[in-house]
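Student: I would like to learn how to read the features of a protein model, one after another. Could you take me through this one with care?

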Amino acid sequence: MDSFIALRAQHILVTLLALTMCITLGISSTLAASVLPPPLPPHAKAPVVSKQNAESEFLLAHNKARSAVGVGPLKWSKKLANDTSRRVRYLRKNQGCDYADTGSSEYGMNQFRVNNMDATPQAAVQAWMEEKKYYNHAKNTCAENHYCNSYQQVVWKKTTWVGCAQTECNMEHVSLTICYYDPPGNVNGQKPY
């Protein structure tokens, strides 16, 4: 988002400078048009994901991962989505999009925090799925010095509901995604599937 804003600002400055020079030098408007920078391409627009599209993207990404290990699909919970929405807004307002305290929720929780870019729902779930390569299902263990709990929560068989929300903290150049899961996963001594 910040690179998008910088690109637009640069484009506006160059355009104003070119117009000012043309006016100062008395160049006609037809000749002035030839020295102005071309319009920005359509792909330079900031991505906009509607709430409904985000819901679909979160469900699709989660359920694709679950299907790969033979686990049934999750359903979208408006209650969990509302709860995560309140949580990310609180974190944006009061903590600069810092990670949430995972012990303060009755639900399972995954978080994705990324600097200097917008995070799509698919990117967040994909980041959690990257942990799969460190998970040993037969032994129900994670490779040393690696983390597997986010992956396990995504594919936790007994979890049936998910709700997610995202926010951006412009001052910190951070994007934060949180998903809640019900019933929660990562129960000690149990395999996710």
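Tutor: Let us begin with a term: a nonpolar core is a set of buried Ala, Val, Leu, Ile, Met, Phe, Trp, Tyr and Cys residues joined through side-chain atoms within 4.5 Å, where buried means under 20% relative accessible area, exposed over 50%, and partly exposed in between, with a 1.4 Å probe and protein chains only. This is a predicted model, in which local features need pLDDT of at least 70 and side-chain atom pairs count only at pLDDT 80 or more, while totals for chains, interfaces and linings use all residues. Residues are numbered from 1 along each chain as its sequence is written, and side-chain values use heavy atoms, with hydrogens and water left out.

Student: How many residues does the largest nonpolar core have, and which have the most contacts inside it?

Tutor: In soluble globular proteins, nonpolar side chains tend to be buried together. Here the largest nonpolar core has 26 residues, and those with the most contacts inside it are Phe58, Trp76, Trp128, Val154, Val162, Cys179 and Tyr181. At least two residues of this core come from each of α3 (51-68), β2 (108-115), α5 (121-129), α6 (149-155), β5 (161-169) and β6 (174-182), with helices (H or I, at least four residues) and strands (E, at least two) being DSSP runs numbered from the N terminus. The largest share of the core, 5 residues, is supplied by α3. Apart from this core lies another, of 13 residues, among them Tyr107, Cys169, Leu176 and Tyr180.

Student: Which residues does Val154 touch?

Tutor: Contact means heavy atoms within 4.5 Å. Leaving aside residues up to four places away in sequence, Val154 touches His62, Ala65, Arg66, Asn110, Trp128, Met129 and Tyr181.

Student: In what order do the strands of the open sheet lie?

Tutor: Two strands pair if DSSP finds at least two bridges between them. In this model 4 strands form an open sheet in the order β1-β5-β6-β2, with mixed pairing, and the edge strands, each pairing on one side only, are β1 (75-76) and β2. The strands β1 and β5 run parallel and are joined by 2 bridges, and Trp76 stands opposite Val162 in β5. By contrast, β5 and β6 pair in the antiparallel sense over 9 bridges; Gln166 has Thr177 in β6 as its bridge partner, and Thr167 stands opposite Leu176 in β6. The hairpin of β5 and β6 has 4 residues between the strands, and in it His173 takes a positive phi near 60°.

Student: How do I read an aromatic pair, and how many are there by this rule?

Tutor: A pair of aromatic rings is described by the distance of the centres and the angle of the planes. Rings of Phe, Tyr and Trp (its six-membered ring) pair if their centres lie within 6.5 Å, and planes under 30 degrees apart count as stacked, over 60 as edge-to-face and the rest as tilted. By this rule the count comes to 3 aromatic pairs. One of them is the tilted pair of Tyr107 and Tyr180, at 5.5 Å centre to centre and 35° between the planes.

Student: Why does the pair of Tyr107 and Tyr180 tie together parts that are apart in sequence?

Tutor: Tyr107 lies in the loop between α4 and β2 whereas Tyr180 lies in strand β6, so the pair ties together parts that are 73 residues apart in sequence.
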